Amino acid sequence: MKPDLAVPARIVLLQACTAILLTAGFWAAGTEQGFAALLGGAVSVAPNAYFAWRSRAEREPARLIVQGVAKLATTVSLMAVAFAMAKPAPLGFFAVFIATQAVHVVGALGASGSTPGRRAS
């Protein structure tokens, strides 16, 4: 029997895979774009991984909201630090950052077990 990963863990895993694949593509275009893509992926995936780990056993809605706000603040802080210290190329950074954020939608649709346009029998 296949072990079942929790939905947040699957989404983070999908985000990490997306970031790795896109970073490899940007790295082929040059090390500056590749480094920027790596930073964009890290800024996106790291706070989401921590949030998924922390919220795994949390059931109280108010605490989940606080953790979500903390995740957003961490993401903004990491982005500010990345741009202040590393000055990444915007194309590579934001392309990977936006793609990994979009994985939330794809992951949520896949986790629901339903496919749009498909009817239950």
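Reader: Hi! Which helix does methionine 79 lie in?
Author: Hello! Methionine 79 lies in helix H3. Keep in mind that this is a predicted model.

Reader: Thanks! And what does methionine 79 touch, leaving out residues up to four places away in sequence?
Author: Its contacts are Val43, Phe93, Phe94 and Phe97.

Reader: How far apart are methionine 79 and phenylalanine 93 in sequence and in space?
Author: They are separated by 14 residues in sequence, and their C-alpha atoms are 9.7 Å apart.

Reader: OK, on to the helices. At what angle do H2 and H3 cross?
Author: The axes of H2, residues 31-55, and H3, residues 61-86, cross at roughly 160 degrees and come within 10 Å.

Reader: So are they roughly parallel or roughly antiparallel?
Author: Roughly antiparallel, because angles over 145 degrees count that way.

Reader: And is the crossing left-handed or right-handed?
Author: The crossing of H2 and H3 is right-handed.

Reader: How many of the contact residues are nonpolar, polar and charged?
Author: The contact of H2 with H3 has 10 nonpolar, six polar and two charged residues.

Reader: New topic: where is lysine 87?
Author: You'll find lysine 87 in the loop between H3 and helix H4, which covers 90-111.

Reader: What is its phi?
Author: Lysine 87 has a positive phi of about 50 degrees, although it is not a glycine.

Reader: Is lysine 87 buried or exposed?
Author: Lysine 87 is exposed, because its relative accessible area is 59% and the cut-off is over 50%.

Note on methods
Residues are numbered from 1 along each chain as its sequence is written. This is a predicted model: local features need pLDDT of at least 70, side-chain atom pairs count only at pLDDT 80 or more; totals for chains, interfaces and linings use all residues. Side-chain values use heavy atoms; hydrogens and water are left out. Axes are lines fitted to C-alpha atoms, for helices over the stretch in contact, and angles run from 0 to 180 degrees between N-to-C directions. Helices (H or I, at least four residues) and strands (E, at least two) are DSSP runs, numbered from the N terminus. Angles under 35 degrees count as roughly parallel, over 145 as roughly antiparallel, 65 to 115 as roughly perpendicular and the rest as oblique. A crossing is left-handed if the near helix is turned anticlockwise from the far one by less than a right angle, and right-handed if clockwise. Ala, Val, Leu, Ile, Met, Phe, Trp, Tyr, Cys and Pro count as nonpolar, Asp, Glu, Lys and Arg as charged, and the others, Gly among them, as polar. Buried means under 20% relative accessible area, exposed over 50%, partly exposed in between (1.4 Å probe, protein chains only). Contact means heavy atoms within 4.5 Å.
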